[in-house]
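Let's take a look at how a ligand is held here.

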Amino acid sequence: MSYVYKRPELARQMARQLLHPSVLDEGLRSGLFLSGLRRIGKTTFLLNDLIPALEDLGAIVIYVDLWSDPQRSPASLIRDAIREKLSELESLPATAVRKLRRLAGADIGALGFKFGFKLDTLGEPGGATLAQALGEVVDQGRTDVVLIVDEVQHAITSEEGNQMLLALKAARDAINPRPNTLGHFLFVGTGSHRALVGELTARRNQAFTGATSVAYPVLDKEYVAYLLQRLSAEGFTAQPSLDVAVKAFQTLGHRPEEMIKALRQLHFHLPPGSNPDEHLPVIANTLRSTAADIELMKLEQLGGLATAIFDRIASAEGDARGLFSADAAAAYSKAIGREVKVEEAQPVVNELMATNLIMRKGHGLYGITDPFVQEMWRERKAIEGKL
Ligand SMILES: Nc1ncnc2c1ncn2[C@@H]1O[C@H](COP(=O)(O)OP(=O)(O)O)[C@@H](O)[C@H]1O
Ligand SMILES: [Mg+2]
């Protein structure tokens with residue numbers, strides 16, 4: 001079932017706010033951050049709804065997913081995406097260039113894109129800066145340029161990534177305040193970790209201080225209704241009522257894949273003559289904990305020390321700090337019943353990050369990657385504590 005449920009109206013509204021902000025939305029000129037848990041449809045929404053809506057208004061959109069290739073640095077992924085788009089623009093046929101300018105409401109002009117700098121050294125020492133390059137795109141296109149960085153929080157975990165964000169901020173500050181600018185450079189980021197994305201916009205001296213941070217609008221009742229409708233059109237008989245299905249979708253953290261799994265189980269395992277509305281909630285609850293189990297199994301395989309460190313992070317109010325302190329080492333020792341030296345923690349923390357169970361959120365600060373997993377961990381601990 002690979003149908004995408006689209007939300008064109010929501011996308012149009014967001015695109016308009018970004019490209020033509022009212023006085024109250026001026027903060028969007030500093031950037032927009034969309035946050036929300038993993039697997040709830042952020043990427044799908046960007047690719048299927050928001051990008052087309054922005055392009056319909058004549059914007060040039062550059063998209064890059066920092067999760068697309070964990071082996072490559074965020075900075076080089078971003079640079080490559082920009083280069084690729086610029087090279088694509090240079091080879092656009094005249095009709096496409098005219099269409100772009102018409103959509104943007106700009107003077108059509110005769111010329112296409114021709115950049116006076118080398119693309120292969122763009123953003124590197126000796127090459128054109130991102131500010132120069134993006135400024136050229138705005139001027140030659142006579143329109144707005146939107147750079148969308150999916151899972152942008154990966155950029156703040158390395159020095160190089162932070163430098164990249166600063167270069168993008170420099171680009172924004174160089175392009176947008178020009179009195180007769182023909183367009184703006186806008187930055188949109190998403191992140192699967194709300195606190196971290198919040199951090200990106202709130203920290204002073206961070207590249208996107210002042211940017212607007214909003215929660216990704218999760219799929220809602222209408223999506224569930226659409227799913228049920230498709231099921232009945234395909235002749236599925238085990239149909240729950242809309243209200244019960246919506247509840248199940250909430251239990252499953254608004255994750256479409258999990259919801260489809262739940263409906264499949266309902267279809268294939270519902271005993272004849274029984275009530276779908278009674279079974280779906282049970283299935284949803286089971287699936288919910290299975291999803292966390294898969295993650296927690298990875299943790300188990302990393303061993304006792306990893307589990308103790310994970311527990312320290314998961315139990316912290318807000319971000320965990322001091323993972324490498326004497327105090328922490330004493331707690332790990334107590335938890336696993338042998339003496340743990342401070343220097344043993346670092347390699348294990350690295351492994352926890354490599355499996356994406358935890359993430360670094362700043363200097364010496366760590367958090368659980370998936371808040372859903374953290375919630376399950378805490379719930380179970382609370383239950384064990386009562387036994
Ligand atoms: N609007 C939608 N309609 C149908 N399926 C969706 C929709 N949004 C997300 N999904 C499905 O949910 C899964 C997770 O979506 P994704 O966009 O990768 O989430 P995120 O970027 O938030 O991690 C994908 O398998 C995707 O096909
Ligand atoms: Mg995504």
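The residues in the shell around ligand 1 split into 8 nonpolar, 3 polar and 4 charged. Keep in mind that this is a predicted model. In total, 15 residues surround ligand 1, and the closest are Tyr5, Arg39, Lys42, Thr43 and Thr44.

Which helices each supply at least two residues of that shell? They are α2 (42-56) and α10 (256-269). Of the contributors, α2 gives the most, with 3 residues.

Now zoom out to the domains. Domain 1 (8-215) and domain 2 (221-293) both give residues to the shell, so ligand 1 lies between them. The space that ligand 1 takes up is also the largest pocket.

| Residue | Atom on the protein side | Distance to an oxygen atom of ligand 1 |
|---|---|---|
| Arginine 39 | backbone N or O | 2.7 Å |
| Glycine 41 | backbone N or O | 2.9 Å |
| Glutamate 257 | polar side-chain atom | 2.9 Å |

As for cover, ligand 1 taken alone exposes 550 Å², and the protein buries 83% of that.

So where does ligand 1 lie relative to domain 1 and domain 2? Between them, since both give residues to its shell.

Technical notes:
Residues are numbered from 1 along each chain as its sequence is written. Chains are lettered from A and ligands numbered from 1 in the order in which they are written. This is a predicted model: local features need pLDDT of at least 70, side-chain atom pairs count only at pLDDT 80 or more; totals for chains, interfaces and linings use all residues. Side-chain values use heavy atoms; hydrogens and water are left out. A residue is near a molecule or strand if one of its heavy atoms lies within 4 Å of it. A polar contact is a pair of N or O atoms within 3.5 Å; within protein, one must be able to donate a hydrogen and the other to accept it, and residues adjacent in sequence count only if both atoms are side-chain atoms. Accessible areas come from the Shrake-Rupley method with a 1.4 Å probe; for residues, only the protein chains shown count as cover. On a 1 Å grid over the protein atoms alone, a cavity is a set of points where a 1.4 Å probe fits but cannot get out, and a pocket is an open set with protein on both sides within 12 Å along at least five of seven lines; lining residues have an atom within 4 Å of a point. A molecule sits in a cavity or pocket if more than half of its atoms lie within 2 Å of its grid points. Helices (H or I, at least four residues) and strands (E, at least two) are DSSP runs, numbered from the N terminus. Ala, Val, Leu, Ile, Met, Phe, Trp, Tyr, Cys and Pro count as nonpolar, Asp, Glu, Lys and Arg as charged, and the others, Gly among them, as polar. Domain bounds come from an automatic or database domain assignment.
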